[in-house]
Amino acid sequence: MGKFTEDDLKKELETKEYEYGFYTDIESDKFPIGLNEDVVIAISKKKNEPAWMTEWRLDAFRIWKEMTEPEWANVRYEKPSFQDISYYSAPIQKPKLNSLDEVDPELLKTFEKLGISIGEQKRLSNVAMDIVIDSVSVATTFKKTLNERGIIFCPISEAIQEHPELVKKYLGSIVPKTDNFYAALNSAVFSDGSFCYIPKGVTCPMELSTYFRINEGGTGQFERTLLIADEGSYVSYLEGCTAPARDENQLHAAVVELIALDDAEIKYSTVQNWFPGDKEGKGGVYNFVTKRGLCEKNAKISWTQVETGSAITWKYPSCILKGDNSVGEFYSIAVTNNFQQADTGTKMIHLGNNTKSTIISKGISAGHSHNSYRGLVQISPRANNARNFSQCDSLLMGDKCGAHTFPYIEVKNKSAQIEHEATTSKIGEDQLFYCNQRGINTEKAIALIVNGFGKEVLNKLPMEFAVEAQKLLEISLEGSVG
Amino acid sequence: MLKINNLHANINGKEILRGINLEIKAGEVHAIMGPNGSGKSTLASVIAGKEEFEVSEGTVELNGEDLSDFAPEVRAHKGVFLSFQYPIEIPGVTVTNFIKTAINETRKAKGMGELPAKEMLQMIREKADLLEIDRKFLSRSLNEGFSGGEKKRNEIFQMAMLEPQLAILDETDSGLDIDALKVVANGVNKLKSEKNAVLLITHYQRLLDYIVPDFVHVLYNGKIVKSGGKELAYELEEKGYDWLK
Ligand SMILES: Nc1ncnc2c1ncn2[C@@H]1O[C@H](COP(=O)(O)OP(=O)(O)OP(=O)(O)O)[C@@H](O)[C@H]1O
Ligand SMILES: [Mg+2]
């Protein structure tokens, strides 16, 4: 695996071409509100898409029109009015920047708050990064290094142009347009996102990561991520998300599709910190996300997520364990504070023989928030010797919040081994006093206890990000105990 | 160093401490004995600043400074340490991480930077050796699944790391086997100096053979009903508490 020094990075940045340049977040090109076929066509046109893509979108739009919003999740909110949202917003292009130092400092600060700054990027030179602001990808780093190994890491809009055969083959193959209301909507209007292809037998030499940011008000963000790990390859990918504080609710409906072919391994980590709304529960992002991965023979997909943001989170990163001996993992920490609501979990669909899945879910609720784990473990009749282990732990702070667990287990093959454990605990006065007595103030004590509680999941994050994720947990629980 | 004047404390209106007077000077070891429920642990908690207890009257002073307005962590920063009768579990937080945080938070409060990792490690090794603690033990979750004796030994390990001015040991001897008691007592004695003081809470005279007190007090029903020298402990061992009622 290549090691990159800071100098290498500097050189890379100097020679790097910014396909889109850097964009500022001040002025933006934004569509009028509303959604109809013309808007879908206009989005496709804006992106210079080939006809097959336009058709694909229109088909999705027609499907979406016939669908209704799902209501089964344990969340309450005012439904977004889908005709009051602008479906495309892109920062207006400014002159090209010569280096990352020229990035809008506001933006840098935002990324810093998320835990991984562009500055950090310089230090951690083994991370390649794509940045998506509102609807458009603004920068992809380390392209050259990746290219040398045949790795494609680019905005999906670019992939549609440059690698249509891969996109055509895989887009919608894991999350079909008909999958659910938000997935259909995303398929019709997605504006950008990341595309990644790791060739046969290649171990990606660095972390790949994408930062998503919603900037404009009154817009929705619909990214689409497609990641293909060809036979015997390995990739670790991290996405981070932020949005500025706004009074109104903003809609975010993303779709992520992962394909792990025979013997491939994908590690997909998310640090989600969309604006959660204020202390009174005003504003915040509605985060309705469909994430799913397919494992072929001996393949492995691990989802790791640290969810601290969003007013509403509706998200179930799942694994279809199609190939024999394939492995699915889901490690999650979801923090809700104030009036946040999270309904999150996973689906592990065991189709192949000797398939194995592990689910570790840690929910932390504070304030008036509600935190639900919803998970499905399904063993199909032909999946012999499937195994699952699930552990769902909830930690409560105060007595106004709620933790809920909805495990669904469907076993159609007698050889399956399923284990499920669940615990609920509270941060006790005694624990806090004990820490206080050792000189640790309450805020710090909570951070310590919460990090201890989430340790098994935090340990799964790429090392570079684990510390930052811990800080994020701290920040999101600030002021949670009076 | 510690001066307690006419201290009254209650919990939800139930009065537990009813006028305690006690003075501990630097370099001294005091022992408090007394029947179950007499208020020994409550006194320890009130000195440490546990907010569930309401102080209705009286004061606790450390080095001439009234502690009543200080939060528990501030008292800790000022050098108060309490070895808990029932140490608390914190799952997922290792002994090392916990003590590291405690030390660095205390240093931060004093305007000092974090202790360099190397020095921290060295200090941890030294104190673990002093208390004959296995290194592997230090990477376990704090108090989770620890035996009674392990918990107590770990409390004293933390004390050794934090080097407090005033160490209150609440029944640290209960749960320790005879060998462990010697190790822990030896640890405490090594850390004792002219600058610090120890307040031992115990039911058994045996501990006092190892850590020899300058004064022994009997707490009964929220009041100190008798004080004396080391020999008082023998007398109590023999006669119980009835004669003091
Ligand atoms: N949180 C509480 N709520 C109600 N009563 C309490 C509480 N804490 C202590 N008490 C009561 O205060 C009294 C003194 O308790 P404390 O723990 O101080 O006794 P102790 O002298 O340490 O006893 P032991 O020798 O058994 O440890 C007891 O009657 C106890 O029940
Ligand atoms: Mg007691």
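**Close-up views of a predicted two-chain model**

**View 1. Strand β10(B) and the burial of its side chains.** A197(B), L199(B) and I201(B) point one way from β10(B), V198(B) and L200(B) point the other way, and all are buried.

**View 2. The parallel neighbours of β10(B).** Strand β3 (residues 29-33) of chain B and strand β10 (residues 197-201) of chain B run parallel and are joined by four bridges. Along this pairing, V29(B) stands opposite V198(B), and I32(B) stands opposite I201(B). β9(B) also runs parallel to β10(B), and five bridges join these two strands. Here the bridge partner of L166(B) is A197(B).

**View 3. The six-stranded sheet of chain B.** The strands form an open sheet in the order β6-β9-β10-β3-β11-β12 (chain B), with mixed pairing. β6 (80-83) and β12 (223-228) of chain B are the edge strands, and each pairs on one side only. From one strand to the next the twist averages 20°. Helix α1(B) lies across β3, β6, β9 (166-170), β10 and β11 (215-220) of chain B. The helix runs at about 150° to β6(B).

**View 4. The four-stranded sheet of chain B.** A further open sheet has the strand order β2-β1-β4-β5 (chain B), and its pairing is antiparallel. β2 (14-24) and β5 (65-66) of chain B stand at the edges; each has a single partner strand, so one side of each is left without a neighbour in the sheet. Helix α1 (residues 40-48) of chain B packs on this sheet, where the helix touches β1 (2-11), β2 and β4 of chain B. The direction of α1(B) makes about 110° with that of β1(B). L62(B) stands opposite E65(B) in β5(B).

**View 5. The largest nonpolar core and its members from both chains.** This core has 106 residues. The members that touch the most other members are I364(A), I4(B), I47(B), F98(B), F157(B), I168(B) and L200(B). Helix α11 (residues 442-453) of chain A gives the largest share of the core, six residues. L200(B) is also one of the buried residues of β10(B) in View 1. In soluble globular proteins, nonpolar side chains tend to be buried together.

**View 6. The surroundings of F157(B).** Leaving aside residues up to four places away in sequence, F157(B) touches V95(B), I99(B), I124(B), K127(B), A128(B), L131(B), I133(B) and L138(B). A second, separate core of 51 residues includes L58(A), F61(A), V75(A) and I228(A).

**View 7. The contact of chain A with chain B.** The contact takes 18 residues from chain A and 31 residues from chain B. Between them the two chains bury about 2100 Å², 66% of it on carbon and sulfur atoms. On the chain A side, F433(A), Y434(A) and R438(A) lose the most area to chain B, together 36% of what that side buries.

View 8. F212(A) lies in strand β7 (residues 207-213) of chain A. Its relative accessible area is 1%, so F212(A) counts as buried, the limit for which is under 20%. The C-alpha atoms of F212(A) and K347(A) are separated by 24 Å, with the two residues 135 apart along the chain. E162(A) is found in helix α7 (residues 156-162) of chain A. This residue has a relative accessible area of 53% and is therefore exposed, the limit for which is over 50%. Between the C-alpha atoms of E162(A) and L395(A), 233 residues apart along the chain, the separation is 47 Å.

View 9. The secondary structure of chain A comes to 13 helices and 24 strands. Of its 482 residues, 63% count as buried. Among contacts in chain A with a separation of 6 or more, 84% are between residues 24 or more positions apart. Chain A exposes about 18000 Å², of which carbon and sulfur atoms supply 49%.

Note on methods:
Residues numbered from 1 in each chain as written. Chains lettered and ligands numbered in written order. Predicted model: local features only at pLDDT ≥ 70, side-chain atom pairs only at ≥ 80, totals over all residues. Heavy atoms only, no water. Pairing = 2+ DSSP bridges. Contact = heavy atoms within 4.5 Å. Axes fitted to C-alpha atoms, helices over the stretch in contact; angles between N-to-C directions. Buried < 20%, exposed > 50% of the residue type's maximum accessible area, 1.4 Å probe, protein only. Areas by Shrake-Rupley, 256 points an atom, 1.4 Å probe, with all protein chains shown as cover. Core = buried A, V, L, I, M, F, W, Y, C linked by side-chain atoms within 4.5 Å. Buried area = accessible area lost by both parts, 1.4 Å probe.
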